[in-house]
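Please look through the structure shown here together with my notes on it.

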Amino acid sequence: MKDVTMSQSVEPPILPEHSPDRQVNCEVALEAAFAALVTTSEAQGWTPQKTAATLLKIATEHAHRLEAAATAELLTSKDKAKADVLAKNGDKVRIETITR
């Protein structure tokens, strides 16, 4: 196996938060680090298919955690069933009862 070290850095945003090209700016900033991660994974013996599938799984799980965290902050008592589902999926939720 090759000795490959990943030392690619991610550049900070250069566009303001609400710029329509901010997503593309993020993609460009992450491209080199992503390519280095893929190269490192494959150099360590992981197949390109396994590397791609695993990176997709990790990214998807991360997106779900972010979505669940945002959702958990907004849940009300009428959303208790949704909170229960999130909790069963391993997401952290906090349920509070609000009385008048």
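1. Residues are numbered from 1 along each chain as its sequence is written, and side-chain values use heavy atoms, with hydrogens and water left out.

2. On confidence, the mean pLDDT of the protein chain is 84, and 79% of its residues reach 70 or more, pLDDT being the predictor's confidence in each residue on a scale from 0 to 100. Among the elements of the chain, H1 has the highest mean pLDDT, at 96, whereas helix H3 (residues 80-88) has the lowest, at 76. Where pLDDT is low, the predicted coordinates should not be read in detail.

3. The protein chain holds three helices and zero strands, and its elements follow one another from the N terminus as α-α-α. Helices here are DSSP runs of H or I with at least four residues, strands are runs of E with at least two, and both are numbered from the N terminus.

4. For the chain as a whole, 18% of the 100 residues count as buried, where buried means under 20% relative accessible area, exposed means over 50%, and partly exposed lies in between (1.4 Å probe, protein chains only). The accessible surface comes to about 8500 Å², and 58% of that belongs to carbon and sulfur atoms; the areas come from the Shrake-Rupley method with a 1.4 Å probe. Of the contacts with a separation of 6 or more, 32% are accounted for by residues 24 or more positions apart, a contact meaning heavy atoms within 4.5 Å.

5. Helix H1 (residues 22-43) has 22 residues and reaches 32 Å from its first C-alpha to its last, close to the 32 Å expected at 1.5 Å a residue, the expected span being 1.5 Å times one less than the number of residues. Gly-45, whose phi is positive, near 110 degrees, follows H1.

6. Several residues of H1 are buried, among them Asn-25, Ala-29, Ala-33 and Val-38. Leu-30, which also lies in H1, is partly exposed at a relative accessible area of 40%. Leu-30 and Pro-12 are 18 residues apart in sequence, and their C-alpha atoms are 9.7 Å apart in space.

7. Which residues does Thr-51 touch, not counting residues up to four places away in sequence? They are Val-38, Ser-41, Glu-42 and Trp-46. Thr-51 is found in helix H2 (residues 48-74) and is buried, with a relative accessible area of 4%. Ser-41 has its place in helix H1 and is likewise buried, with a relative accessible area of 17%; by the same exclusion in sequence, Ser-41 touches Trp-46 and Thr-51.

8. The count of salt bridges comes to two, a salt bridge being a side-chain nitrogen of Lys or Arg within 4 Å of a carboxyl oxygen of Asp or Glu. In one of them the side chains of Arg-22 and Glu-17 meet at 3.2 Å, N to O; Arg-22 counts as partly exposed at 23% relative accessibility, while Glu-17 is exposed at 54%.

9. Lys-57 forms a salt bridge with Glu-61, with the closest N and O atoms 3.5 Å apart. The two residues are separated by about one helical turn because they are four residues apart in helix H2. Lys-57 is exposed, with a relative accessible area of 51%, and Glu-61 counts as partly exposed at 35% relative accessibility.

How values were computed
Predicted model: local features only at pLDDT ≥ 70, side-chain atom pairs only at ≥ 80, totals over all residues.
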